[in-house]
Each structure stands twice: as C-alpha cells, then as structure tokens.
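Hi everyone, thanks for coming. I'd like to walk you through a structure today, so please have a look at it while I talk.

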Amino acid sequence: MTAGRKIGRPILEIDGVSLAFGGVVALQGVSFDVREHEIRAIIGPNGAGKSSMLNVINGVYHPQQGTVAFKGRRRRNVDPHEAAQQGIARTFQNIALFRGMTVLDNIMTGRNLKMKSNFLQQAVYWGAAKREELEHRAKVEAVIDFLEIQHIRKTPVGRLPYGLQKRVELARALAAEPELLLLDEPMAGMNLEEKQDMSRFVLDVNDQMGTSIVLIEHDMSVVMDLSDRVVVLDYGRKIADGTPDEVRNNRGVIDAYLGVAH
Amino acid sequence: MTEQPDTFPRLLLHQARLRPARPAFREKDLGIWKTWSWAQVADEVRILACGLAAQGFERGDRLAVIGDNRPRLYWAMMAAQALGGVPVPLYQDAVAAEMAFVLQDADIGFAVVEDQEQVDKLLEVLPQCPRLKRICFDDPRGLRHYGQAELTAFEDLQAAGRGFAQHNPDFFADELGKGRPSDVAVILYTSGTTGQPKGVSQTHAAMIQTARVLVAFDGFVEADEILCYLPMAWVGDFLYSYAQMHIAGFCLNCPESPDTVMTDLREIGPTYYFGPPRVYESILTQVMIRIEDAGWLKRRLFHAFMAVAKRVGIGILEGKPGIPLRDRLLYRLGEILVYGPLKNVLGMSRIRVAYTGGEAIGPDLFDFYRSIGINLKQLYGMTETCVTVCMHASGDVKLETVGPPMPGVEVRIADTGEVLVRSPGLMKEYHKRPDATREAIDAQGFFHTGDAGYFDSGGHLKIIDRAKDVGKLADGTLFAPKYLENKLKFFPYVKEAVCFGQGRDKVCAFINIDTAAIGNWAERRNLPYTGYADLASQPAVLDLIRECVEKANGDLAQDSTLANSQIRRFLVLHKELEADDGELTRTRKVRRRHIADKYAVLIDALYSDKTSCYVETQMRFEDGRSGTVSADLQIVEAKTFGAAAARKAA
C-alpha cells in the first residue's frame with residue numbers, strides 16, 4: 001500500500017497541548033506529530049478529546065498551554081481562517097454543507113480563499129473575475145472527477161443521501177488544495193460499501209495528491225487498514241502512540257476500550 | 001459510381017478527407033464536452049496503430065477492448081482493424097473468470113482497457129492466459145505503483161506510436177492497403193443463456209453492407225448525433241455507433257460516466273437513439289414519479305394533455321387523416337405546454353428515430369413515447385445477423401410486430417415455426433466452433449434463429465416465442481405460451497400468468513394478480529381485503545381479471561394464426577408463484593413443467609366441467625418455515641371471439 005509513498009519530515013507538531021473549558025479538562029499535555037504524506041489516526045472512546053484536538057489544530061480552540069507548529073511555524077493562537085490559508089482543510093463530524101446549494105457550488109466555496117478578484121469584479125463577472133472563475137471551476141471539476149460525483153454535480157446537497165454528502169464535504173476540503181487534511185469521522189453512519197468507497201478515496205487522496213491526513217474514526221478495522229500511525233486519547237490524555245499493530249496490543253488501550261476502574 | 005471504401009480503416013480515412021473538420025467524437029471530461037474532428041481521429045488512430053505495431057501487434061492478432069464507452073477505446077478498435085487485427089470488445093462488468101474464457105477462446109494477446117478495475121481483473125487471470133502480453137490502460141488512476149511488465153499507459157503507447165511512425169512513415173498506409181473486406185472485422189461474444197458464450201465473427205463486408213442499408217433506411221447524415229451508452233461488447237453498439245458513423249459521418253458522444261447518462265442525454269440532444277425496453281420503462285417511471293410529486297397545476301396539466309396525446313398523438317405522428325381540428329389544436333397546445341418541455345427534460349427533443357428491441361415492449365410504454373411525438377420503432381435481429389433482420393419503417397409501425405424484412409434480407413418460416421434468415425450481414429462463423437456454426441447455418445445458407453414467428457397480413461414479422469417453447473394445440477394450430485403470458489402480463493393487474501394448451505383442445509391459464517395494483521384498485525372501491533389470497537378470491541377481482549383476459553382474447557381473435565389460442569378458462573392462483581418454491585427461476589421466469597406437475601389437480605379441473613376446485617399446497621415462508629395453504633378456487637370462463645366461433649360452427 002505504501003510502496004511508492006515517501007513519508008517525510010514532520011509537517012505538524014503538537015507539543016504539550018492542554019485545553020480546558022472552565023473546569024472541564026478536554027486535553028492534558030498532549031504531544032504528537034504528523035509527518036508529510038502520512039495518514040495519522042486519532043482514536044479513543046467518546047469524550048476522549050479527539051474532536052477538540054482537531055479544533056486546536058485548525059484554530060477553532062485556543063489551548064491554554066502548549067504549542068502547535070505547522071510547517072515549522074510555531075504558534076499558539078491561530079484563527080481558523082489563517083489555518084486554512086496555511087493549507088489546513090477539514091471535514092466535520094456532523095456535515096456542515098450549504099444544503100440548499102448544489103454540489104458544484106458547495107465545492108466552489110472550498111476555493112474561496114484562493115479567489116483574488118473582489119466583490120465588485122465578481123458582481124459584474126468580467127475580465128479577471130471571469131478568468132479566475134474558470135480556473136477555479138477547472139480545479140473543482142478535477143476534484144469532482146477524482147471523487148466520482150459527476151452525476152450529482154447540479155443536485156442540491158439537501159437532496160443527497162448521507163454517504164454522498166460526506167463525499168461532497170471531502171470534495172470541498174480537497175478543493176482548497178490542502179497540505180494537511182483533517183477528517184472528523186468521515187465514515188460515521190455509513191454502510192460497508194460506502195465505507196469501502198470512502199476508504200479508497202482517502203487512500204487515493206493521500207497517494208496521488210500527497211496530502212497528509214489526520215483522521216478521527218471509530219471503526220477500528222478502517223483505522224487499522226488506513227493509517228500509518230495511531231494516537232490514542234483517553235480522558236484528554238495520550239495513552240498510546242505508534243503503528244496500528246503496536247497500538248492494538250497496548251495494554252492501556254485495551255483497558256481504555258474495554259473499561260477498567262480508574 | 002466511384003469506388004466505395006470497403007474496410008473500416010479505409011472508411012475512416014475517407015471520412016477524414018470528406019469532412020475533416022466535422023466532429024467525430026465527443027466526450028465529457030472534467031465537466032466539459034471535448035470534441036475530436038474526423039481528421040484528428042484519423043491521426044489518433046494512425047499513432048495508436050503504430051504504437052501497437054511497435055509493441056509487436058501483427059496482422060490477425062486480436063485486441064481485447066474493455067471499459068465504458070470511451071473515445072480512446074473506440075480508437076483502439078479502429079487501430080486494431082487498421083493493422084489487420086481483430087478487436088474483441090468485452091462486457092466491462094464481467095467478472096475476471098468470465099473474461100478469462102473469452103481471452104483464451106479468442107487467443108487474445110493485447111488489451112486496451114479503461115481503468116484500474118479492468119487492469120486488476122486482467123492481472124488476476126493473467127496466469128491462465130499466457131498469450132496476453134500487453135495491457136494498455138487509459139485512466140492511470142490508482143495504477144502508479146503497478147510494476148507489471150505487461151502494463152503500458154495510453155500516453156506511452158501513443159509516444160511509442162509517434163516514434164514508430166517517424167521511422168516508418170509508410171507503414172500505416174501499407175497496412176491499410178493490405179486489408180480485405182472479407183477479413184474478420186470484429187468478434188462479438190454472445191452472452192449465451194446456456195453454456196459458454198460463443199464468439200461471432202463478423203467481416204468488414206457484412207458490417208459495412210448492413211450499416212449502409214441502415215443509413216439509407218433512416219436517412220442518417222453527418223449532422224446526426226448519437227449518445228453511445230450501451231456496452232461496447234454488444235453488437236448494437238458496434239453496428240449503430242461504430243459502423244454507422246463510418247458510413248454516415250455522424251458524431252459519437254460518450255457520456256461522462258454511466259451515472260450521468262440522463263444528464264448527458266439532455267446536453268447532447270441526440271437525433272438517433274436506441275434502448276432496450278427496460279431503459280424506456282425506467283425513464284417513464286421516473287417521469288411518473290416526478291409528476292406525482294409536482295404541484296397540482298402541473299399535475300393536472302400533465303394528465304389532461306396526456307389524455308389528449310393518448311387519443312390522437314399516435315395518429316398525428318403517423319400523419320393519419322380524419323383527426324378533428326379541435327384535437328389537432330389541443331395537441332399543438334399540449335406540445336407547447338407539456339410534451340415539448342417533457343421531451344426537453346428527457347433529452348429527446350431532437351430525436352428523429354428511436355429504436356427498441358431485444359424483447360417485447362408493453363403497449364402502454366410504446367404508446368406513451370409515440371403519443372408525445374417520439375418516433376419509437378421496433379427492430380429484430382441478433383449478433384449473428386448484424387441485428388438488421390426486420391425493422392419498422394417510419395410511418396409503418398405496429399406494436400405487435402417487428403416490421404417487414406430489411407432490403408437484402410430473406411426471411412423464411414420453417415415448418416416448425418422457426419424464423420430462418422439469409423442476409424449479407426450473416427456472420428462468417430462462430431469463432432473456433434465449426435460444430436455450432438454448422439448447426440446454426442444450414443446448407444442453403446439460412447441462419448436458424450431459434451425464435452418462432454410468422455408474417456401477418458401486412459408482411460410484418462411477428463416474433464412470438466423461442467421456437468423450442470412453441471407447441472401445437474390438438475387441432476394442429478400454433479400454441480405459443482410465452483406470447484400469451486406476456487400479453488396477459490402487460491395488464492398492470494396481472495403479475496404472472498402460466499398458459500397451458502400443448503396437445504389440448506383449448507388454452508387455459510393460471511393467473512397471479514398483482515397485489516399492489518389490485519390492492520390499490522380495491523382501496524379506491526372501498527373493498528376490504530387482508531392479503532393476496534383474500535384478494536385473489538374476491539368475485540370483483542375475478543371479474544376484473546376476466547375483463548383483462550377477454551380483452552386479450554379480443555386481440556388474439558384479430559390474428560388468424562393465434563385466434564385458436566384464446567383463453568377459454570382460467571383461475572387465479574391462491575398463492576404467488578415463488579422462486580423459493582421452485583415455481584420461478586431466479587430471474588423470475590416461469591418454470592412451466594414444474595408448475596404443471598405441482599398443480600396437476602388444478603389443470604385437470606380447468607380441462608373438465610368443474611366450476612371450482614379444492615387445492616392444498618406446501619409453501620415456504622420467507623423465514624424458512626414451511627406450511628400449507630389451501631383454498632377453494634373458482635374457475636372462470638372467459639368469452640372468446642370471432643374466429644373461434646367460426647371454428648365451432650364448422
């Protein structure tokens with residue numbers, strides 16, 4: 001699977017991140033890294049802090065302690081939109097698409113940050129604005145082709161089944177041409193066939209676009225098949241970190257999943 | 001008359017000279033329709049042929065082509081023919097093991113395939129197919145890490161071709177010069193309902209001659225457009241798309257993906273369309289569902305004008321006289337308000353000629369399309385005859401027939417009722433199967449179709465059944481059970497029917513009602529019911545079915561050959577025929593003999609004077625338990641008409 005893929009140096013480094021909401025501690029001194037071209041899974045029981053971790057990475061939450069370094073730039077507080085500009089894109093656990101808009105328009109919003117023409121130019125749709133839109137559309141079409149959703153190009157997202165909506169969300173994230181892609185439970189609620197399709201797309205994205213991927217997923221067989229390394233969180237703490245095999249045999253992980261007295 | 005090009009490669013160059021800038025292929029890629037002109041295609045094919053030659057493709061070699069309809073795959077077929085080779089298109093959804101059979105049977109050494117999916121299948125069967133040396137793929141996605149020596153990317157093959165062409169500038173023209181019209185142009189594998197598929201070898205001469213007849217028959221010109229969405233391995237696609245474009249010079253449009261066909265249809269607006277009945281049926285179903293979801297105004301308009309279309313649409317399409325002015329005006333209004341927009345949505349606004357074939361089409365379905373002004377016609381033929389045996393001419397269309405024999409085609413009916421065909425489009429042979437060839441083509445050169453049929457008074461051929469299923473009544477007249485059953489099943493209330501009559505003095509039938517349709521009908525009449533068995537025994541339902549049977553009898557009486565097959569007595573079965581009980585095959589075909597054994601009591605009752613019969617049957621429920629159902633079944637007498645009455649009197 002990883003034959004021609006070169007895993008490079010760390011692209012994202014999380015160092016001693018702690019996050020609390022009032023008295024509730026979501027993350028406690030978590031450190032790990034994600035390397036170039038790597039698929040990195042974050043797993044853990046409900047409430048372990050997985051989504052909070054993603055939210056820290058793309059700047060939705062600002063940790064009280066610790067730092068996040070993306071492409072060598074260390075920072076503590078970054079806004080989601082800065083994170084996006086630096087090349088981080090994500091999908092959400094509960095699909096966040098514009099339901100009344102078509103698939104094509106939804107994916108076009110993924111190009112938003114790359115659009116240079118201003119509001120007025122776009123309103124008259126002339127000259128640079130028109131040229132730019134054509135370029136963006138071509139990029140979007142490449143993504144549509146990649147994810148095989150040509151047949152729903154003009155369909156409003158609200159009319160699509162859940163599995164396809166998930167794919168559209170991935171398409172929108174890819175349209176931003178990210179270097180780091182954060183996927184929050186991309187396969188939740190899918191049937192086996194949809195999961196297999198989605199797994200293939202995740203692998204293809206990683207393989208052909210060279211995108212590094214951080215993945216939260218509950219389906220263990222998916223995690224074990226897809227990821228190069230796995231971080232395990234439990235009650236906001238990192239309890240294991242390693243290859244799928246190492247993690248699978250880790251005592252602490254087994255306890256966390258099967259439950260022991262804390 | 002000037003010399004006509006007599007092989008496909010020569011036709012290609014001919015078209016490229018005649019209309020170099022006209023579009024020959026279109027494909028939607030990344031959301032945009034891309035066009036290749038005839039001149040570009042001729043050049044692509046030259047490069048590709050040189051590329052194959054550089055890989056060692058020689059005269060007589062066979063090239064497998066596997067994938068959805070893509071311009072590059074069509075070009076690969078053209079390139080193989082240019083080199084004197086034989087393209088063998090395979091069904092793209094076949095599993096690896098099925099492909100292995102064809103690859104071995106046709107001694108295939110080269111393959112041009114669409115994508116990773118097909119590459120994987122070929123690699124899987126590679127050990128069983130030692131001849132297969134080269135696999136060229138069009139779409140490189142997912143194949144980056146495949147290291148197999150057999151694999152070549154399409155672009156690399158083109159590059160090799162360009163290099164080869166530079167060193168051998170006369171090669172392509174020389175190879176073209178060597179081609180003869182009697183060479184095999186393509187081997188098409190028939191799906192074969194029994195046993196292994198057979199490869200049908202068709203020559204350039206047969207295909208080209210047939211295509212010329214077809215182009216003249218419907219007057220196709222370069223401005224026609226066709227969307228090729230049916231499998232490339234099917235004779236219809238080869239003939240209607242590939243062969244006819246070479247003659248008429250029209251453009252083939254390849255859909256973006258199999259899922260986008262409906263959208264692509266609307267964007268292209270083809271003038272010429274082919275589909276098996278199920279395609280027309282699914283389009284109509286979609287329309288009906290969406291209309292029921294539409295607002296009340298649209299729905300009312302639709303139904304009101306469809307009623308007009310039903311009354312006079314077909315007459316107007318066929319230019320019949322005597323249609324009142326008021327109806328003509330109403331139809332004109334309907335065209336603006338309903339039929340026009342509907343055809344536009346379906347991508348059928350520009351259709352000049354549409355065909356269906358392969359199996360019987362229901363009257364409602366057929367009439368629907370014709371009544372909104374789509375010139376839907378039927379045809380009859382098979383791979384072995386380049387399809388083209390009989391076709392409806394525009395303006396001479398009958399639901400029940402497949403039209404008169406085409407120019408140059410001789411059709412004979414054997415004593416057994418089997419349809420025999422001799423035509424210029426007849427296959428050369430079954431590939432490597434001289435035994436099967438001898439069995440299919442007799443000493444006089446007639447091909448035995450295996451279908452039973454006869455000519456009606458207008459000279460149209462009517463196909464009634466597979467010849468082996470056709471029998472005779474006691475008085476020697478023709479008995480075609482499947483034909484009768486289909487006739488009954490076209491009524492929405494009848495789900496299944498089984499007709500008996502072989503060696504008997506009259507035809508009787510078992511009928512399964514359609515629970516959904518009759519349930520709905522019962523609800524509208526406030527008839528309470530509990531389930532199938534209850535519905536099936538209600539007198540009102542029996543009356544309804546009797547009306548259907550009598551309507552079918554009325555139709556049969558019109559036809560002197562089948563008038564004796566009118567259904568005299570029938571009963572509605574107390575349970576639905578099920579594959580689980582061995583009464584149907586898994587593809588839902590009636591297992592007549594098994595049913596006759598199982599329900600022998602009922603058949604005896606039908607052929608006696610009894611008016612009812614008690615029956616008890618074992619049945620298996622969906623959860624695997626079995627039990628018995630019993631019922632006292634009413635036997636219903638149906639009215640018969642005309643010819644039968646005459647026979648009785650005689």
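This is a predicted model: local features need pLDDT of at least 70, side-chain atom pairs count only at pLDDT 80 or more; totals for chains, interfaces and linings use all residues.

Let's start with chain A. Its secondary structure comes to 10 helices and 10 strands. If you draw a box around the C-alpha atoms along the principal axes, you get roughly 65 × 40 × 40 Å. How does the radius of gyration of chain A fit with a compact globule of 262 residues? For that number of residues the globule value would be near 18 Å, and chain A has 19 Å, so the two agree. Of those 262 residues, 39% count as buried. As for how the chain folds back on itself, take the contacts between residues at least 6 apart in sequence: 69% of them join residues at least 24 apart.

Now the domains of chain A. The assignment gives domain 1 as 1-87 plus 178-262, and domain 2 as 98-177. Their centres, taken over C-alpha atoms, are separated by 27 Å. At the contact between them, 11 residues of domain 1 of chain A meet 10 residues of domain 2 of chain A. Which elements give two or more residues to the domain 1 side? Those are α2 (80-86) and α7 (192-209) of chain A. Of these, α7(A) gives the most, with 4 residues. By residue type, this domain 1 side divides into 8 nonpolar, 2 polar and 1 charged.

On to chain B. Here we have 22 helices and 28 strands. Along the principal axes, the C-alpha trace of chain B spans about 85 × 60 × 50 Å. A compact globule of 650 residues would have a radius of gyration near 26 Å; chain B has 28 Å, which agrees. Of the 650 residues of chain B, 45% count as buried. Among contacts in chain B with a separation of 6 or more, 64% come from residues 24 or more positions apart.

Chain B is assigned domain 1 (8-203), domain 2 (277-466) and domain 3 (471-649). For domain 2 and domain 3 of chain B, the C-alpha centres lie 28 Å apart. Their contact takes 8 residues from domain 2 of chain B and 7 residues from domain 3 of chain B. On the domain 2 side, β19 (447-455) and β20 (461-466) of chain B are the elements that give two or more residues. That side divides into 5 nonpolar, 2 polar and 1 charged.

Let's look inside. In soluble globular proteins, nonpolar side chains tend to be buried together. The largest nonpolar core in this model has 189 residues, and the members that touch the most others are B:Ala79, B:Ala111 and B:Ile511. Helix α2 (residues 38-54) of chain B gives the most to this core, with 10 residues. There is also a second, separate core of 67 residues, which includes A:Ile11, A:Val30, A:Val78 and A:Val247.

Back to B:Ala111 for a moment. What does B:Ala111 contact, leaving aside its neighbours within four places in sequence? The partners are B:Leu63, B:Ala64, B:Ile66, B:Leu122, B:Leu132 and B:Ile135.

Not counting residues up to four places away in sequence, B:Thr190 touches B:Pro197, B:Lys198, B:Val200 and B:Thr383. B:Thr190 and B:Glu384 are 194 residues apart in sequence, yet 8.8 Å apart in space, C-alpha to C-alpha.

Finally, the two chains together. Here 10 residues of chain A are in contact with 9 residues of chain B. On the chain A side, helix α5 (residues 128-146) of chain A gives the most, with 5 residues. That side divides into 4 nonpolar, 3 polar and 3 charged.

Technical notes
Residues are numbered from 1 along each chain as its sequence is written. Chains are lettered from A and ligands numbered from 1 in the order in which they are written. Two residues are in contact if their C-beta atoms, placed from the backbone, lie within 7 Å. Ala, Val, Leu, Ile, Met, Phe, Trp, Tyr, Cys and Pro count as nonpolar, Asp, Glu, Lys and Arg as charged, and the others, Gly among them, as polar. Domain bounds come from an automatic or database domain assignment. A nonpolar core is a set of buried Ala, Val, Leu, Ile, Met, Phe, Trp, Tyr and Cys residues joined through C-beta atoms within 7 Å. A residue is buried if 20 or more other C-beta atoms lie within 10 Å of its own, exposed if 12 or fewer, and partly exposed in between; C-beta atoms are placed from the backbone. The radius of gyration is taken over C-alpha atoms; the globule rule is 2.2 Å times the number of residues to the power 0.38.
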